[in-house]
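Take a look at the structure first.

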Amino acid sequence: MTSRFLFTDVMGCDFVSMQMRSPTRIVVQGILSTLCGVQRRCSTFYPTKNHLLYSLGVRSSFSTPALATTKEPNWGFDSGRNPEKVRPWHELKEAQSCHLQVPADRGTERSGLESVNEKNRLKWYSKMLRDCAAGMRLNEGKMIHGCIIRNGSEPDLHLWVSLINFYAKCGALDFSRNVFELMSMKDVVSWTALISGFVAQGHGMESIELFCQMRREDVRPNEFTLATVLKGCSVSLDLNFGKQIHAEAVKIGVLSDVYIGSSLIELYSKSGEMEYADGVFCMMPEKNNVLWNALLNGYAQVGNGKAVLRLFNEMEDPEMRFSNYTLSIVLKGIASLGAFTAGQGVHSIAIKVGGETDDFVRCSLVNMYSKCGVANYALKVFKTMENPDIVTWSSIICALDQEGLKEEAAKLFHRMMRSGMRPNEFTLSTLVSAATDLGDLRYGQSVHACACKFGLEFDHLVSNALIAMYMKLGSIYDGYRIFNKMTNWDVISWNALLSGFHDDETSDRGTRIFQQMLTDGFTPNMYTFISILRSCSSLLNIEFGKQVHSHIIKNKFVRDGYVGTALIDMYAKCGCMEDVEAIFSRLKEKDVFAWTVIISGYAQTNQGEKAARLFNQMRREGVIPNEFTLASSLRGCSAIASLENGRQLHSLAIKAGQSTDMFVSSALIDMYAKCGYIDDAEALFNGMQSNDTVLWNTIICGYSQHGEGDKALKAFRQMINEGFLPDGVTFLGILSACSHMGLVEEGKNHFYSMSESYGITPSIEHYACLVDVLGRAGKFDEIERLIENMEITPNALIWENVLGACKVHGNVELGERAAEKLFQIDPETDSNYILLSNIYASKGRWNDVSRVRKSMSSQGIKKEPGCSWVEIDTQIHVFLSQDSSHPRLLDIHRKMEELRERVSEVGYIPNTKYVPHNVTEKEKRENLFNHSERLALGFALISKVNGGRIRIFKNLRICGDCHEFIKCVSSTVDREIVVRDASRFHHFRNGFCSCKDYW
């Protein structure tokens, strides 16, 4: 076959004039009349008879459904083969209207140019057509074809094939097919040329159809035909038909041909059948560089970098092994493996053999270093390239983006645009992703404008990236607009749309989008489920979350680690810890994220002991905690005030180099503050090299809880001066500090400055804090006006604060109204009944006390018993009021008697008004001395407490008499006593409390 395409020397015949600046008039007229349809004069070109006119207009003689694949070769058609994907050849391009008339024989008269040897003339035409095909010069080739017709040359088989090959390589498949149909005798070479043209243009299924037509016409294929059709199978990924061709190659005995072998390896590789590809390679008698590279490329395409390296090591011929093409394939395999060291080794080989100067090798090096996560190496190679192509530009920009160097990626894109390189969809989608991560909406919009400029706005990759950017950056309208303009959505488009609905305000729209996605017939993937579960977590919508869970089970994602982690997070935030444990136990692989989520769930639900137990279990199983795990575990310690566990975690964070992480630091400050060590929290905060709003909020709230309101307000002013903007949490801490200090006017000023100065809309929690500020000061008229003018409907928190203030100040009327509201909103909370009962008790209204308690009993509501606990030698000792179960109870009572005598000497007198029971004064005094916080204090004093500081924790508000008693005790013992009740810390030193008796 090869010999048929060899050309002899170029002759200076009649067509030379066409190559000159001043072609002969007769040639110009002939060419123009051929191409433009000018009517020809028979006297010039035709003898008017004995001529057969052939029209090369567009026509089709075959249909296009592809073939069925059976065990035996079947050269017929199968109408079931995806007719939508196969178009008739004449529909591949718009039909062209060039009609060429070819004389069937030559006239008797010849001009001077026609006297040249006809055989050499045809060879010269063939060579010119080959040159035009190589340069993709379609119009010039058409002129040559026209000249052939004008001169009345009868094409030989070689020229026919040259014409077919020329039109096919120039993409004019309709002309190529028409020339083919004009041939009276179609041999295997002409069939192969036509099939090759369709394959080269990416029409694999049409090439298969042509092959079947050839076999039906009983033309025997040769090795070149089979190799070409196998490439068509690779293009169309038709593995079954490829296996039939494989069998045909075995049948006619050409399987050992290197081109067939390489084509088979390519087909099996693209179909993921590497075992077959390897088998074909092993059976080849001689293995040249084509076969080696085909198999290497196959393994690289399927991402099997280890196999690529193994084959590379097995290659023995140095010239073959160290060719630029081979090295680039090996680098591609290493890129999929992420083997940085191996990549450096191949890079050194490329330098040694001089391959580093080859742009193709450089592109592969840039890609390899990018995929290995070393963008600086990729950038160094990139800078040595004089004219990088768009693939290389996109690769280096993507590498910088993935390394977190978003701004550098943007600068490189700007440099690319200045160089005149046109971006593609991969470049733009990477830049959109960088804008998303930077949170820079304006830059993202400029990239969007660039996409519109280059006509890539509606490319699937770019559109999906733009939707995700707009949704994540809060521009929901723009994200929706792009989504609605897309003609074909895929699951990635839906996922991008869902990604914008994870916050409290918009999550309900996420659930509706998920339902619409299912209605439209799209199957959710892993990312869909993770996204919708986040929406459910924000909504605390456990019912919808359970429905999503059922879809997860149906789609067999229940054991997926990422989906399982999202499920655990959803159930944990909804407080369903039993479901959390069940899902966690079923996970096939528990990574650090799954452990972190379940630990965080227990910490958030005030189950710090379980959080600590799971953290220890995680470490025993060899999972290394990250900064989020440590922060979650520290939150668990904060919830149960476990100082020793918190300190151990602190030391672990220092050892792991994570103590300066913002998440860990804020959790440490919070832990020390909630464990009663505000001085340690303050020292940690002052030692931070940089702060953020979360850290400022943590220390401000810590100061507020410990009664150091002046420090809280000072920290707030310092925060503003350093340029940090406060958020809603900041003002909760500030309002709490004002409440504990009795700063009514300052509290009101801060409340109203939220919306006026900082644009923060006050939440129900902020209103509750302001009610507390006014209530502690006894400003009941202002409370009522505030509630009447609230833009938010008052909830239980508002009325609880009103009821608490009424109890402190003995306001029975407003207290009764507040209690009635609470009984309607939250009728099962025991503290509301107890507070109303205590208000009646303080006024001696025992009948009303009895009525309230009967109401509780009739509804099955039980009072939560008051309890206090103290930590001694890492052991927690819990005491109830009037407790008689502790093993050292006698020692505790002896200590309490001693303390009674000592505090009496400094002026302590029991205040029995804090006993809301209708009993004798003696019984009331005995009741006071057996309160849980006093028993915990007595036990702490008879035990050895590390550091000299006694820390007592109480689940309810400390009673007024116990507060006075502990104040007096602190003046008689050389110890600091810290009591944390339900609302704040009390630091007792030398007869004084940090709350200044205002709590």
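What follows covers aromatic pairs, charges over rings and salt bridges, in that order.

## Aromatic pairs

Keep in mind that this is a predicted model. It holds 34 aromatic pairs. One of them joins Y369 and Y377, whose ring centres are 5.4 Å apart. How is this pair classed? The planes of Y369 and Y377 meet at 35 degrees, so the pair is tilted; stacked would need planes under 30 degrees apart, and edge-to-face over 60.

Now turn to F584 and W595. Their ring centres lie 4.9 Å apart with the planes at 75 degrees, so this pair is edge-to-face. F584 belongs to helix 32 (residues 577-586) and W595 to helix 33 (residues 592-604), and the pair links distant parts of the chain, 11 residues apart. Are these two side chains buried or exposed? Both F584 and W595 are buried.

F483, W489, W494 and F522 form a cluster that is linked by ring pairs.

## Charges over rings

Two arginines are worth a click here. R934 lies over the face of F965, with 4.5 Å to the ring centre. In the other case, the charged end of R949 sits over the ring of Y677, 4.2 Å from the centre of that ring. Hold on to R949, because it turns up again among the salt bridges, in a network with D679, E976 and R989.

## Salt bridges within and between helices

Side chains of opposite charge can pair when their charged atoms come close. How many salt bridges does the structure hold? The count is 39.

Start with R310 and E314, which form a salt bridge whose closest N and O atoms are 3.4 Å apart. Both residues are in helix 15 (residues 305-314), and because they are four residues apart there, about one helical turn separates them. R310 is partly exposed at 38% relative accessible area, and E314 is partly exposed as well, at 40%.

E581 pairs with K610, and their closest N and O atoms are 3.8 Å apart. As for accessibility, E581 counts as partly exposed at 34%, and K610 is partly exposed at 31%.

## A loop bridge and a network

R845 forms a salt bridge with E816, the closest N and O atoms being 3.5 Å apart. Where does R845 lie? It is in the loop between helix 47 (830-842) and helix 48 (846-858), while E816 is in helix 46 (residues 812-825), so the bridge ties together parts that are 29 residues apart in sequence. R845 is partly exposed, with 32% relative accessibility, and E816 is partly exposed at 27%.

Finally, back to R949. D679, R949, E976 and R989 are linked in a network of salt bridges, and R949 is also the residue whose charged end sits over the ring of Y677.

Definitions and conventions
Residues numbered from 1 in each chain as written. Predicted model: local features only at pLDDT ≥ 70, side-chain atom pairs only at ≥ 80, totals over all residues. Heavy atoms only, no water. Phe/Tyr/Trp six-rings, centres within 6.5 Å; stacked < 30°, edge-to-face > 60°. Helix = DSSP H or I, 4+ residues; strand = E, 2+ residues; numbered from the N terminus. Buried < 20%, exposed > 50% of the residue type's maximum accessible area, 1.4 Å probe, protein only. Lys NZ or Arg CZ within 6 Å of the ring centre and 35° of its normal. Salt bridge = Lys/Arg side-chain N within 4 Å of Asp/Glu carboxyl O.
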